[in-house]
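Could you brief me on this chain before I start turning it around on the screen?

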Amino acid sequence: MTNHLKALFAGAAMLMSAALPAAASDGVVTVKSDYSVAETVARIKKDVLKKGIKFFGVIDQAQLGKNAGNDVRPSRLVMFGNPALGTTFITSNPEAGLDWPVRVLVYQSADGSVYAAYSDFDWIARRHGITDRTAQFKMATEVIQSVTSTVKKN
């Protein structure tokens with residue numbers, strides 16, 4: 001293979017790897033936050049409430065781990081959803097209730113970076129074989145993308 005082709009393939013691989021962290025991988029979309037875990041959770045909660053979405057709560061997984069004698073890096077599970085939208089998925093397949101309400105995992109990695117991760121709605125549709133709610137899944141995707149965009153500085 002010529003050096004030009006090798007360079008082209010290497011460049012393409014680097015571009016693809018740079019784009020993949022924000023893409024769904026095995027059904028998980030990960031967004032790097034510009035804030036601490038606490039501030040990331042606060043920003044998500046504030047945006048959810050501002051949008052009129054029902055906020056179900058936060059589970060502090062690190063605290064649960066500490067109480068059980070495990071050293072868990074900061075990790076909080078944020079739960080919210082719009083019952084009018086989310087339950088339409090359940091009407092198509094009751095097992096979709098495994099993925100509703102919406103959950104965003106906010107966690108700190110070993111290097112101190114903070115991420116917000118959630119299940120990709122196209123993946124959820126495929127997982128549960130739901131083919132009759134395309135518009136609703138599109139809307140849910142737009143909402144979760146908007147909510148998680150609040151963890152990035154402008």
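Here is a short tour, grouped by topic.

This is a predicted model, in which local features need pLDDT of at least 70 and side-chain atom pairs count only at pLDDT 80 or more, while totals for chains, interfaces and linings use all residues. Residues are numbered from 1 along each chain as its sequence is written, and side-chain values use heavy atoms, with hydrogens and water left out.

**Confidence**

- The mean pLDDT of the chain is 87, and 84% of its residues reach 70 or more; pLDDT is the predictor's confidence in each residue, from 0 to 100.
- Please take residues 4-23 with care: pLDDT stays under 50 there, and the model has eight contacts beyond four places in sequence for this stretch. Contact means heavy atoms within 4.5 Å.

**Fold**

- The chain has six helices and six strands, taken as DSSP runs (helices H or I, at least four residues; strands E, at least two) and numbered from the N terminus.
- Along the sequence, these elements follow the pattern α-β-β-α-β-α-β-α-β-β-α-α.
- Among contacts between residues at least 6 apart in sequence, 64% join residues at least 24 apart.
- Of the 154 residues in the chain, 37% are buried. Buried means under 20% relative accessible area, exposed over 50%, and partly exposed in between, with a 1.4 Å probe and protein chains only.

**Nonpolar core**

- A nonpolar core is a set of buried Ala, Val, Leu, Ile, Met, Phe, Trp, Tyr and Cys residues joined through side-chain atoms within 4.5 Å.
- The largest one has 28 residues, and those with the most contacts inside it are Ile44, Phe80, Phe89, Val104, Val106 and Phe121.
- Two or more residues of this core come from each of β2 (28-33), α2 (37-50), β4, α4, β5, β6, α5 (121-127) and α6.
- Setting aside residues up to four places away in sequence, Phe89 touches Ala96, Phe121, Ile130, Arg133, Gln136, Phe137 and Ala140.
- Ile144, in helix α6, is buried, with a relative accessible area of 2%. Beyond four places in sequence, Ile144 is in contact with Phe80, Val102, Val104, Tyr118 and Phe121.

**Pocket and cavity**

- On a 1 Å grid over the protein atoms alone, a cavity is a set of points where a 1.4 Å probe fits but cannot get out; a pocket is an open set with protein on both sides within 12 Å along at least five of seven lines, and lining residues have an atom within 4 Å of a point. Grid points are joined across faces, edges and corners, and a volume is the space filled by probe spheres set on the points.
- The largest pocket has a volume of about 160 Å³. Its lining has 14 residues, of which Asn82, Leu85, Val102, Ala140 and Val143 are the closest to the centre.
- β4 (75-81), α4 (83-92) and α6 (134-148) each give two or more residues to that lining, with α6 giving the most, four residues.
- By class, the pocket lining has 11 nonpolar, three polar and no charged residues. Here Ala, Val, Leu, Ile, Met, Phe, Trp, Tyr, Cys and Pro count as nonpolar, Asp, Glu, Lys and Arg as charged, and the others, Gly among them, as polar.
- There is one cavity of 30 Å³ or more, and the largest cavity has a volume of about 40 Å³.
- Phe89, Ala96, Asp99, Trp100, Phe121, Ile124 and Phe137 line the largest cavity; this lining divides into six nonpolar, no polar and one charged.

- Asp47 has its place in helix α2 and counts as buried, at 8% relative accessibility.
- Asp47 touches Ser146, Val147 and Thr150, not counting residues up to four places away in sequence. The C-alpha atoms of Asp47 and Ser146 are 8.7 Å apart, although 99 residues separate them in sequence.
- Lys46, also in helix α2, is exposed, with a relative accessible area of 64%. Lys46 and Thr150 are 104 residues apart in sequence and 9.4 Å apart in space, C-alpha to C-alpha.

**Loops worth a look**

- Most peptide bonds are trans. A cis peptide bond joins Trp100 and Pro101, with omega about 10°, and Pro101 is found in the loop between α4 and β5.
- Ser113 sits in the loop between β5 (102-108) and β6 (114-119) and counts as buried, at 14% relative accessibility.
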